[in-house]
Amino acid sequence: MLKQHLQLKLGQKLAPQQIQLMKLIQLHTLEFEEELERELEENPALEIVKEDSKEDEFSSLEDAYQDEGTASIETDFDVNEYIYDDEPNYKTASSNYSPDDEEFDNESLLTEGQSLYDYLLEQIHLVNISDEDEKIAEYVIGNLDTDGYLRREIKAIVDDLAFSQGIYTTKEKVEDILENYIQKLDPSGVGARGLQECLLLQIEKKVSSDKAVSLAASILRHQFDALTNKHYNKIIQKYDIEEEDLKDALEEISKLSPKVGGNFDTQTITINQEIIPDFVIQVKDGLVIPMLNSKNAPTLRVSEEYKDILTTYSHDKNSSEHKQAALFIKQKLDAAKWYIDAINQRQNTLLQTITAIVKFQKDYFITGDEKSLKPMILKDVADITGFDISTISRVVKSKYADTSNGIVYLKDLFSDSLTNDDGEEVSTKEIKTHLQEVIGKENKRKPLTDDALVVILKEQGYNIARRTIAKYREQLNIPVARLRKEL
């Protein structure tokens, strides 16, 4: 038997405006400009107001819609609600965007280049080779990675040739074409199946009569493991050579490229974009002044065309076509109002967040020294601004600031803290900076181990465990002591 009953339930649901705001907040300047252009294309009720003509257009707005003798039409909405002075209030606030009118060139630069695949095909077509072998060579070239390596198994290529190309061949035949044709092409090292083979292909094309080149080739062929592990003493004993001889050989090896396809475009069209800072931070007389890039604060308003349609509608209360047009305009005006409000909130959120960050890291922005960075997490900024941590995370995502010391990635300003021997909290970024300095000054013939680094940093007041040193070293892309060894 069916029964009806009431049940109260508490829940949260984001409004479309909130979702739109969250989406806008996390966009950096270039993405925001693209999003704004898309919205302007989709909503004809929006247009950007030029600064020099803003006053005239706002004054004409009231004249266009204030007519005491105009009769109104009975509808399910009030037309006057959409006749408003639409100057965004965020444009009247002070210091909310950069006064610098410098135009950042954010145009994508399109450059057409030749891919490694096309370059190799051009060469193989000039080689004296049978038609079937040429097709096999073309297929093998098509299986090369963008860095020039062949990482597929030869047997898999043989199977693919049979099933997809109708070419029945053998593993030995494909290997012969690879070694005698493809690996002879330019650039040297292309078609290698590993780093060792790639370097060997390059060194073998050099003059073998040179002592250093011959030794380098022999080391790559017979002592590759010892070389990669930097067991230099083992190599010296193996070849009974002097340390200077090994240095010469290592210099020849250092001239070789591990990725021979790196100089070629991976696509026919390459798009290069420069970083456009979202914030401008100026230092004047000891004061740190944060501002938004002016591109983040466009002035939007209702288009003249839509205002004319509304004016026509307000004079005609009998036309059903005008009423349908007005209903459509209502939807567009609603969307325009929401969007302008979202821009307003985005502007204020970004400004309050960067102001809080600047307040927290004032010493860093004045000195530019990373050692001046204070420990700061998202919660610290959230407590100052009153925003949620997720909002702060969206604001700093992919955002950059133009400072007197260069472009700064906002996320780099955040770090955890550790307590030194004096009981003071220090940023983990400061510790990493000290770690880099210590490793940079070490004797490369006898690099410092992680245990030795623990002792040195402890003497400087940083009591850190060895595993923490190893973690920071990996984050800084610094190899272990054995791999930092040099002659």
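Is Glu252 buried or exposed, and what is its relative accessibility? Glu252 counts as buried, because its relative accessibility is 14%, and the cut-off for burial is under 20%. The structure discussed here is a predicted model.

The side chain of Glu252 forms a salt bridge with Lys255. Lys255, by contrast, is exposed, with a relative accessible area of 51%. In the whole structure, 22 salt bridges are found; the table presents three of them.

| Salt bridge | N to O distance |
|---|---|
| Glu243 and Arg445 | 2.8 Å |
| Lys255 and Glu252 | 3.6 Å |
| Arg466 and Asp451 | 3.9 Å |

Glu243 and Arg445 meet in a salt bridge. Glu243 belongs to helix 12 (residues 243–254), whereas Arg445 is in the loop between helix 18 (428–440) and helix 19 (450–459), so their contact ties together parts 202 residues apart in sequence. Glu243 is partly exposed at 26% relative accessibility, and Arg445 is partly exposed at 42%.

Arg466 and Asp451 also form a salt bridge. Arg466 lies in helix 20 (residues 466–475) and Asp451 in helix 19, so this pair ties together parts that are 15 residues apart in sequence. Arg466 is partly exposed at 42% relative accessibility, as is Asp451 at 49%.

A negative surface patch consists of Glu31, Glu34, Glu37 and Glu41. Of these residues, Glu34 lies in helix 2 (residues 29–42) and is partly exposed, with 47% relative accessibility.

The largest nonpolar core has 27 residues, among which Val140 and Val174 touch the most other members. Helix 5 (131–142) is one of the helices that each supply at least two residues of this core; its share, 5 residues, is the largest.

Definitions and conventions. Residues numbered from 1 in each chain as written. Predicted model: local features only at pLDDT ≥ 70, side-chain atom pairs only at ≥ 80, totals over all residues. Heavy atoms only, no water. Patch = residues over 30% accessible without salt bridge, like charges linked within 9 Å, V, L, I, M, F, W, Y side chains within 5 Å. Areas by Shrake-Rupley, 256 points an atom, 1.4 Å probe, with all protein chains shown as cover. Salt bridge = Lys/Arg side-chain N within 4 Å of Asp/Glu carboxyl O. Lys, Arg positive; Asp, Glu negative; His and termini not counted. Charge placed at Lys NZ, Arg CZ, Asp CG, Glu CD. Helix = DSSP H or I, 4+ residues; strand = E, 2+ residues; numbered from the N terminus. Buried < 20%, exposed > 50% of the residue type's maximum accessible area, 1.4 Å probe, protein only. Core = buried A, V, L, I, M, F, W, Y, C linked by side-chain atoms within 4.5 Å.
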